[in-house]
Amino acid sequence: SKSKGNGVDPIDLIDRYGADATRFSLMQQAGKNQDIRYSEKRTDVAGNFCNKLWNASRFVLMSLDEATTGTLPPQEQRTLPDRWILSRLNQTVEAVNSTLATYDMDDATRSLYQFFWNDFCDWYVEMAKVRLRSDDPQDKENAQNTLAYVLETTLRLMHPIIPFITEEIWQALPHDGATICLAPYPQSQAHRKDVEAEYTMAYIIEATQALRNLRNEAG
């Protein structure tokens with residue numbers, strides 16, 4: 001609003017939630033309508049997302065070792081979860097590039113949120129924890145490299161919207177170049193699409209959620 005005292009001071013939001021959370025929340029609210037009704041609650045949600053990004057990245061970094069290169073294991077060594085997360089990542093890359101090209105910022109942030117929070121954190125990281133404790137050194141190494149690869153790619157995908165946290169985390173990961181600002185923006189790759197892996201994992205996720213619900217209902 002142009003009325004004095006009826007606006008939202010972004011500096012106040014940055015002081016409370018951080019610059020990245022403020023940017024992310026504004027992109028979330030930049031919908032198709034000309035008029036945007038600002039919601040501070042969504043800035044709080046964006047702050048939680050940035051905390052999730054920081055904490056999940058810290059777990060991944062603690063799980064890596066000096067031998068981790070972030071190079072994907074050969075196709076024949078990739079597990080079903082590996083194939084699934086790479087397919088989901090590729091689908092997210094495609095969606096984000098498409099929506100940024102049409103200036104649909106809210107759709108781009110929605111795709112990033114869903115992939116990182118749900119696919120990566122809730123499912124892939126949890127499944128990878130078992131392999132990180134594996135007695136098979138090759139399986140553990142493959143899990144470490146896939147975690148590093150997916151996180152590094154996701155950071156580059158998020159960087160235009162969340163620049164400060166992504167730079168900080170990216171510097172701690174295996175990477176090429178001096179800064180994420182100059183790193184190439186991710187592009188979709190048709191060969192990464194894995195319909196079989198996505199179909200099978202959908203059943204596993206559905207079954208797991210059903211079992212969790214039954215356990216909760218039974219106390």
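Q: Why does K129 count as partly exposed?
A: K129 has a relative accessibility of 25%. Buried means under 20% relative accessible area and exposed means over 50%, with partly exposed in between (1.4 Å probe, protein chains only). At 25%, K129 therefore counts as partly exposed. A friendly note before we go on: this is a predicted model, where local features need pLDDT of at least 70 and side-chain atom pairs count only at pLDDT 80 or more, while totals for chains, interfaces and linings use all residues. Residues are numbered from 1 along each chain as its sequence is written, and side-chain values use heavy atoms, leaving out hydrogens and water.

Q: How do you know that E126 forms a salt bridge with K129?
A: The term asks for a side-chain nitrogen of Lys or Arg within 4 Å of a carboxyl oxygen of Asp or Glu. For E126 and K129, the closest N and O atoms are 3.0 Å apart, so the pair meets the definition. E126 counts as partly exposed, at 41% relative accessibility.

Q: What separates E126 and K129 along helix α5?
A: About one helical turn, because they are three residues apart in α5 (residues 105-132). Helices here are DSSP runs of H or I with at least four residues, strands are runs of E with at least two, and both are numbered from the N terminus.

Q: Why is V130 called exposed?
A: V130, which lies in helix α5, has a relative accessible area of 54%, so it falls in the exposed class.

Q: What makes R131 and D139 a salt bridge?
A: Their side chains meet at 3.0 Å, N to O. Both R131 and D139 are buried. Salt bridges with shared partners join D82, R131 and D139 into one network.

Q: Why does R88 count as buried?
A: R88 has 13% relative accessibility, so it counts as buried. R88 also forms a salt bridge with E198, with the closest N and O atoms 3.8 Å apart. That pair links distant parts of the chain, from R88 in α4 to E198 in α8 (residues 195-218), 110 residues apart. In total, the structure holds 10 salt bridges.

Q: How do you know that R192 has no salt bridge?
A: The nearest side chain of opposite charge is D194, and it is 9.3 Å away. Here Lys and Arg count as positive and Asp and Glu as negative, with His and the chain ends not counted. Setting aside neighbours within four places in sequence, the contacts of R192 (heavy atoms within 4.5 Å) include L72, L86 and Y149.

Q: How do you know that the span of helix α4 is close to the expected one?
A: The expected span is 1.5 Å times one less than the number of residues. With 22 residues (80-101), α4 reaches 32 Å from its first C-alpha to its last, close to the expected 32 Å. Just after α4, Y103 takes a positive phi of about 60°.

Q: How do you know that the radius of gyration agrees with a compact globule?
A: The radius is taken over C-alpha atoms, and the globule rule is 2.2 Å times the number of residues to the power 0.38. For 219 residues the rule gives a value near 17 Å; the protein chain has 19 Å, so the two agree. The chain holds eight helices and zero strands, and 42% of its residues are buried.
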